[in-house]
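Student: I would like to learn how to read salt bridges in a model. Where should I start?

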Amino acid sequence: MTRDVATSSGTSPANLLESLLIRPGRKDRVTHVEWIPAREGQRGRWPDWVSEVLLAKLAENGLDQPWTHQVEVAEAARAGRSVVVSTGTASGKSLAFLVPAITTLLESSPGGGSNATGSLRAGAAGGGGRNGAPALDTVLYLAPTKALAADQARAIRRLQLEPHGVRAATLDGDTATEERDWIRSHANYVLTNPDMLHRSVLPSHSRWSRLLRGVRYVVVDECHVYRGVFGSHVAQVLRRLRRVCARYGAEPTFILASATVSEPGAAAGRLVGVPVSEVTADGSPRGETAFVLWEPPLTKLRGEHGAPVRRTVTAESADLLADLVVEDARTLAFHRSRRGAELAAVLAKQALSAVDPSLPARVAAYRGGYLPEERRALEHDLQRGELLGLATTTALELGVDVAGLDAVLLAGYPGTRASMWQQAGRAGRAGQGSLAVLLARDDPLDTYLVTHPEALFGPPVESTVLDPDNPYVLAPHLCAAAAELPLTEDDLELFGPATPALVAELTDRGLLRRRSNGWYWTRSDRASALADIRGAGGNPVQVVEHETGRLLGTVDPAAAHSTVHRGAVYVHQGETYLVRDLDLEDAAAVVERAQPDYSTTARDVTDIRIIETLTTQTWKQVTLCFGSVEVSSQVVSYLRKRLITGEILGEEPLDLPPRRLRTRAVWWTVPEDVLVAAGIELADLPGAAHAAEHAAIGLLPLFATCDRWDIGGVSTALHADTAAPTIFVYDGHPGGAGFAERGHATATRWLRATRDMISACTCLDGCPSCIQSPKCGNGNNPLHKAGAIRVLDVVVQAAPD
């Protein structure tokens with residue numbers, strides 16, 4: 001295999017990697033290098049039904065020859081089959097849905113230059129145009145971020161199709177009233193987000209009837225983002241959309257775009273509620289990529305109970321960023337927090353100042369909250385090579401036109417393979433070679449991944465997890481649906497099998513009223529306000545600046561105890577604050593500006609009881625269950641950890657009330673005598689179970705698209721409800737989020753990976769890379785590493801193949 005494909009800087013990925021490994025000791029930090037070969041593109045031909053006007057515009061922009069997957073998606077959509085395209089970053093997914101969507105609009109618009117008979121559709125009863133006039137086709141595009149919708153709108157406008165009847169417009173919370181009026185009256189390609197559908201369009205659907213009666217396609221971009229509780233809310237918003245469209249005589253075809261995930265068609269089908277075919281064969285070309293797995297070295301510092309501490313990814317990535325800038329390589333360094341991105345930029349500038357006084361000015365930090373013109377200026381400077389290094393958050397992962405970079409650094413695994421490839425794909429986008437480096441945090445999942453490359457580069461194992469039937473999610477959307485149009489018996493199937501019981505419950509509570517023709521919303525307030533689709537429910541806690549009284553933002557009530565407790569470090573749009581006080585009664589956290597050199601992590605203690613066992617599997621002596629539980633948790637303290645080194649500076653107590661949560665969990669039990677026979681001393685059993693629980697929480701995100709902070713766990717040597725040693729892992733959201741259910745479904749692979757991760761860690765008694773948890777309210781005590789391996793040995797040896 002040749003390894004000399006040049007990057008845009010003229011340096012091959014192999015040479016860039018070699019430049020990083022020159023320093024003493026660095027070669028030992030590389031655990032694996034995956035050479036992803038260049039791939040030739042597979043060209044197709046646009047079908048005859050594509051508008052000649054559009055073909056001419058595409059040719060002017062160098063897009064006259066499509067890739068094969070673009071043609072396959074366009075043909076499916078044209079035939080009225082809902083479809084998801086799940087291909088690599090920069091593979092041209094947008095063009096796959098633009099071609100059928102815009103062709104339809106051109107056919108529907110008088111003088112649109114179509115080469116077909118047009119697609120004016122007569123309105124259904126109550127759904128057609130005024131005096132029964134036919135409905136003109138429209139397209140609804142949904143993006144998870146305003147930036148992505150804005151970039152898509154710019155792409156459409158570059159085609160200059162307005163004279164031919166394509167009227168594209170973005171609709172979000174910042175859209176002025178006058179512009180909204182114009183969109184309602186004239187736009188036929190509306191780019192918006194699920195929030196606007198939920199809060200504005202659907203509750204006021206009669207004002208948007210022109211748009212809704214003509215909806216031919218609904219495009220759901222970056223659909224893998226819709227997971228967990230947020231994804232479950234969006235799934236119900238889309239079901240409400242389908243119902244309202246049907247009221248106006250429209251039955252839209254869904255076109256979804258996803259990063260590479262396991263079973264994209266099934267995941268897309270769960271999201272939109274209709275069968276979805278999948279297109280996964282990527283026909284686009286790709287330059288060679290050197291993908292490096294990198295584990296920072298152990299330091300002389302010691303953490304809890306004397307555990308070794310690794311160098312932080314912030315410090316390590318800053319060094320690599322500086323080295324790549326010296327090599328004239330245009331580089332992005334992705335960080336999970338704004339504070340981390342800004343600190344990495346500062347450290348890189350400091351390192352570069354000792355090399356060349358002109359180089360620090362060519363490094364910057366990029367964060368959310370920038371004005372559009374500021375964002376465009378940074379993109380422009382990066383693309384022209386005036387800026388060489390950019391430390392960024394995920395703000396640059398979606399919806400920003402940055403192409404042709406040489407290298408990408410990932411400061412910690414971003415949580416999903418989809419996000420990892422999204423970030424890594426920012427380099428080499430013009431077909432040239434590229435370098436990607438994943439730096440492992442001091443964390444069980446990161447440690448496992450850099451020592452098990454097959455988990456990253458083999459077939460996808462993670463699935464986009466969501467649970468639309470979660471009663472805490474479904475109930476408020478049933479109220480919103482009833483406020484939009486009375487719920488009928490025929491509607492119940494649309495919203496899922498849990499709907500009849502929930503409708504009866506909502507009726508008993510007086511939120512819905514049964515009449516002869518359906519169920520009605522009974523109140524004068526907006527039903528849509530019951531569902532916070534990006535939150536976990538309840539009144540959000542307001543974060544208020546002490547000096548000015550300015551509202552900085554809000555925090556979900558479920559997260560407030562752990563994120564805005566007294567003494568917590570709170571980051572807002574790149575500015576760092578310390579929490580002075582958390583008033584739970586008034587739902588307000590008061591903060592003040594500060595520049596602490598540490599981060600904070602809350603610790604809690606948890607108890608759990610089983611409410612209902614839904615599924616039970618028997619694996620020889622092991623019992624695996626999934627069901628409903630009630631969790632009682634209390635934040636008891638927080639750790640202060642130095643940003644650059646990860647050194648623990650201290651632990652501060654907190655006095656917060658316990659919180660109760662009804663959710664879903666997966667748990668497994670092993671009889672005590674079986675564990676003793678496996679070599680575990682009774683005195684070591686609590687520590688062994690505790691360590692196995694921590695590690696299992698750390699590895700579940702590999703199989704379910706979640707973060708370890710989305711889930712929790714409890715372990716005990718004797719649980720009252722099972723009368724045996726038991727380990728629980730539960731969803732940290734009311735009613736569940738689908739993560740524990742995914743753990744139950746993949747338990748054999750999940751627990752085997754957990755066992756392998758602990759065993760592969762080189763520490764003696766446990767460390768943050770294997771069994772220690774940053775949020776453990778028991779101070780990571782007791783933990784028994786060898787015992788955890790034996791517990792998991794018993795489980796995986798009993799598991800079915």
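Tutor: We will go through some salt bridges one by one. Keep in mind that this is a predicted model.

Student: What counts as a salt bridge, and how many salt bridges are there?

Tutor: The criterion is a Lys or Arg side-chain nitrogen within 4 Å of a carboxyl oxygen of Asp or Glu. The count by this rule is 31.

Student: Where do D151 and R154 lie?

Tutor: Both belong to helix α5 (residues 146-158), three residues apart, which means about one helical turn separates them. D151 is buried at 14% relative accessible area, while R154 is partly exposed at 29%.

Student: Which parts does the pair of R593 and E545 tie together?

Tutor: In this salt bridge the closest N and O atoms of R593 and E545 are 3.2 Å apart. R593 is in strand β23 (residues 588-593) and E545 in strand β19 (residues 541-545), so the pair links parts 48 residues apart in sequence. E545 is buried, with 3% relative accessibility; R593 is partly exposed, with 44%.

Student: Is E630 buried or exposed?

Tutor: E630 is buried, at 19% relative accessibility; the cut-off for buried is under 20%. Its salt-bridge partner is R609, with 3.2 Å between the closest N and O atoms. E630 sits in strand β25 (residues 622-642) and R609 in strand β24 (residues 598-619), so this pair connects parts 21 residues apart in sequence. R609 is partly exposed, at 38%.

Student: Which residues do salt bridges with shared partners join into one network?

Tutor: R29, R311, E316 and D319 are joined in this way.

Terms used:
Residues numbered from 1 in each chain as written. Predicted model: local features only at pLDDT ≥ 70, side-chain atom pairs only at ≥ 80, totals over all residues. Heavy atoms only, no water. Helix = DSSP H or I, 4+ residues; strand = E, 2+ residues; numbered from the N terminus. Buried < 20%, exposed > 50% of the residue type's maximum accessible area, 1.4 Å probe, protein only.
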